[in-house]
Amino acid sequence: MKYVAPSSVEEATSLLSTSPSAQVFAGATDVVPQLRAGRPAPEVLVDLKKIEELVSVANDGDKWTVGAATPTANLTEDEAFSEEFPGLAEAAGLIGSDQIQNRSSLGGNLCNGSPAADSVPAMVVNGARAVVAGPNGTRVLDVAEVVTGPGQLALEADEFIVEFEIDRIPARTGDAYLRMIPRTEMDIAVVGAGARVTLAEDGSIEQAALALAAVAPTCVRVPDAEAALVGKTANDEILSAVAAAASEACDPIDDKRGTVAYRRQVAGVLAKRAVLIAIERAEQRNGTN
Amino acid sequence: MAVVEENPGYKWVGTRPIRPDGLEKVTGKAQFGADLMLPGMLFGKVVRSPHAHARIISIDTTAAEAMVGVKAVITGSDFPDLAANGAHPSEIDVANNTIAREKVLYEGHVVAAVAATTRDQAEAAAKAVEVTYEILPHVLTVDEAMADDAPLLHEGMITKGVDPAPEEASNVASKILHERGDLDQGFGEADAVVEREFTTKPVHQGYIEPHAAVADANSDGRAHIWCSSQGHFQMRAYSASVLGISPGMLKVTAAEIGGGFGGKTVIYLEPLAVRLSQRAGRPVKLVMDRDEVFRATGPTSGTRIKVKMGVSKDGKITAAEVWMAYEAGAYAGSPVGAAGMTAIACYDIPNFVVEGYDVVCNKPRVAAYRAPGAPMAAFAVESVLDELARDIGMDPIEIRLANAAVEGTQASYGPKFPRIGFVETLEAIKDHPNYTAELGPNQGRGIAAGFWFNAGMMSSATVHINENGTATVVTGSPDIGGSRQSMALMAAEELGIPYESIKAVVADTETVGFNDVTGGSRVTLATGAAVVDACRLIVEDLRARAAKTWDVELDQVEWVDGQAQHAEGAQPPLSLKDLAAKSGRTGGPISANASLNSRGVGAGFSTQLCDVEVDPETGVTRVVRYLTAQDAGRAISPDYVEGQMQGGVVQGIGWALSEEYIHDSDGVMENPGFLDYRIPVASDLPMIDCAIVEVPNPAHPYGVRGVGEVGIVPPMAAVGNAINDALDVRMTDLPMSPVKILEALNDQGD
């Protein structure tokens, strides 16, 4: 197994095109444990962290650009970003331990392809887009389209994500992410729920997005819950409809971390709670950025 | 701190100096089991069974032996047949657990081992060992193992303790029974009776340091072993037995130990490393991965326990009936015996039957874990007692006070208790502000108590006075919970010199007299008593030397504050430093040995108060406040005593809420790592408040009782009782996971 650390996107894509079994990594917080657990080693391990644009957080006035290999600690420590997207920052900050936070990244969390990835529902509800580099240049995918099944990606073997684009948050908009784990940290979501809400000037809900983690083969959106919220003001009845829609959207499995029944029920609970937090944050963000 | 008896003016005992092993541990300099490197050393790897129960048809090592770098491959046939040599059955079990012969009895059971020049070569060679198995049906729980048509692990196992002995073999290794009074009469006198059934899962000790051993064999048959264990004399004895040699052929050096909690009182790797080293002619290191630690070491038993208890209106327990079955894992020897003796030992109960079964099943052989056997039984008994207190409207502390064992009570397991401090722990809880702290929404409060015997056993110590008047205290008890500090504090008190002038060390099996394992909370008691004895011999010697120097009778010399003083002040005092400097002129080096079989243990009691908050929509339980009161007899080193008290509670909270072995239907462990075997992390816990109770043990010079174990006995019931207080659901199946709590709440709503 060879380790290479290209310094440009072009160098990396050309490496990938010429080494069919090459494997890219950012923080290696998933790759190294997988190799240790006996997964066949690739011929070449390509470290993306030495490419400048992959490790950056920037705001051009219209959108934020987050390098795919940026340590999540950089993201959560970026006050302006965390203030604008507290839900996404919290989700990114839940990955692993403090030590892992210095290595883990949004790109790695997404491309590991785990249905339980915490940052994915939070990116999805914020409409994040992935800028994908390949031998023929770049293309843009919605984050929601990147993972097609557990460990399965819509990327070609010689493609990787360079950065994520997230439009600046509109006025009266808030996001939130909650997860259930049996302990308080160092764990993997049994259920995760990301929500984003935009309020109209009259306080009713203008736009809503809800996405769940760890309850289906991939992160799932809950359009029925979103529809139940739009045009309304949250009350017990509507929140119950949100919870019911979230439970209904689940396609979970029984495993050592939870049961089908538990995941369905708690998906509803977390969906409701995440929506409430998002509304509260939206109410606090009355002006524009 | 709840001090029951005032400190009688000790200068060092009961103080909190800096721990002696701290610097080396925080700088990474301390040598743990896996740290030793020897010139020419090889790396070993163990081959383990992927099946829960299978017959070994053949093992082909030729491919592995032919690989680059491979220097030795061994299998069960490289070890003597102990059965043919007439060894005790328990020795045969140890040997067969170390490396399988005809059958593998659990997933992870060792079938072969290799040694090679590099770790990668060893791993590749281990994969190349070809084992052919005939897979056999397996049993994973006491229910499966005790079923009428259950497949047998040991075809000749006849249940012991049953009269007449059964004719048919079964998976039940033994039965235990404790009885007193008349059960029917007792239940007849009861105003309230509660009967419940409880289950618990196997849990692992969870020590941070995986097992590791290095062996260096000589061509004359002798070998040197370095390993991390709770007793290198025990490792020597077990290893010699498995290898079929005299213990004197082995020298064992204790490494620093990164946790054991009972799980390092047994051998796994040591004889394998010796045999590999003999075959290869080079030193060999074997280190387990975490995965191997889970699959093949520890854990403690999964259990099924039924408890029926009755109380009168005034809270007196009139009768108790306890039935329990404990998983032993692959070989006989679950802690059900201790469970039977401890289950109701906190209380003075006139009528009881306690019945228990030791049941083998296709899981790793259980090892000791902190108060082995007691916590599961206490979970059941203390949960039922809590329910009884509610039924008759009595405070949970008051019902325990109404039945508490005191000095003179005939213990449920036989002897009369000497002076004990159970009542004092109950009162310490009542006196603490946590007892009346206000509870928030969805919060609940639970109380539970626990008992543990504590062990005594054999210890040796040597004390040397150095030429400058400092001292070296040498024992053979691995320091797993602060014993070097406790030994130094007691020696400082005896010799009258500063704690900082004393170095306590743990010596190898050829340098100090025999010491039993560091287990049973016995080291501060028994090894401590040996240190005190040796120090007193030193003081006698020093007095004699002063008398000789002054040319006076011995009784004219007193030893006060680290110096010899003339009784009438006729001579200027001679300090230890003075006497040490002149030792060549007064009889030579100053040194003393003491060896003893402990003179009397001090039983340990703990009462604990737990506040939880349960999220009724997700079933997630957080412990928000926790208080533990424990009788330490005398806290030689209060920092370490509190550490033991808190450590027991933390492990108990993990056992209560999140820890469990999960096996798939093939008997393969599904969670052999700390991600899905969930020990609590720091953020899961509040500060564990400690109330040290000191009711001195009359059989120890400083009143020491063991403190290492009893703290893990009450937590599961304390947590369960608190959950019940919060939400009115009685949890009877450990762990009390969010999934189970939500199920219980859903059932409650139906």
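**A helix pair and its surroundings**

Modeller: In chain B, helix α11 (residues 374-392) and helix α18 (residues 715-727) have axes that come within 8 Å and cross at roughly 30°; axes are lines fitted to C-alpha atoms, for helices over the stretch in contact, with angles from 0 to 180 degrees between N-to-C directions, and helices are DSSP runs (H or I, at least four residues) numbered from the N terminus. On the α11(B) side the contact is made by B:P375, B:A378, B:F379, B:E382, B:S383 and B:D386, and on the α18(B) side by B:M716, B:A717, B:G720, B:N721 and B:N724, where contact requires C-beta atoms, placed from the backbone, within 7 Å. By class, five of these residues are nonpolar, four polar and two charged (Ala, Val, Leu, Ile, Met, Phe, Trp, Tyr, Cys and Pro are nonpolar, Asp, Glu, Lys and Arg charged, and the others, Gly among them, polar).

This is a predicted model, in which local features need pLDDT of at least 70, side-chain atom pairs count only at pLDDT 80 or more, and totals for chains, interfaces and linings use all residues. Residues are numbered from 1 along each chain as its sequence is written, while chains are lettered from A and ligands numbered from 1 in the order in which they are written. Chain B has a mean pLDDT of 97, with 99% of its residues at 70 or more (pLDDT is the predictor's confidence in each residue, from 0 to 100), and the complex is given an ipTM of 0.95 and a pTM of 0.97.

Turning to the partner chain, 18 residues from chain B and 15 residues from chain A form the contact.

Terms used: Two residues are in contact if their C-beta atoms, placed from the backbone, lie within 7 Å. Helices (H or I, at least four residues) and strands (E, at least two) are DSSP runs, numbered from the N terminus.
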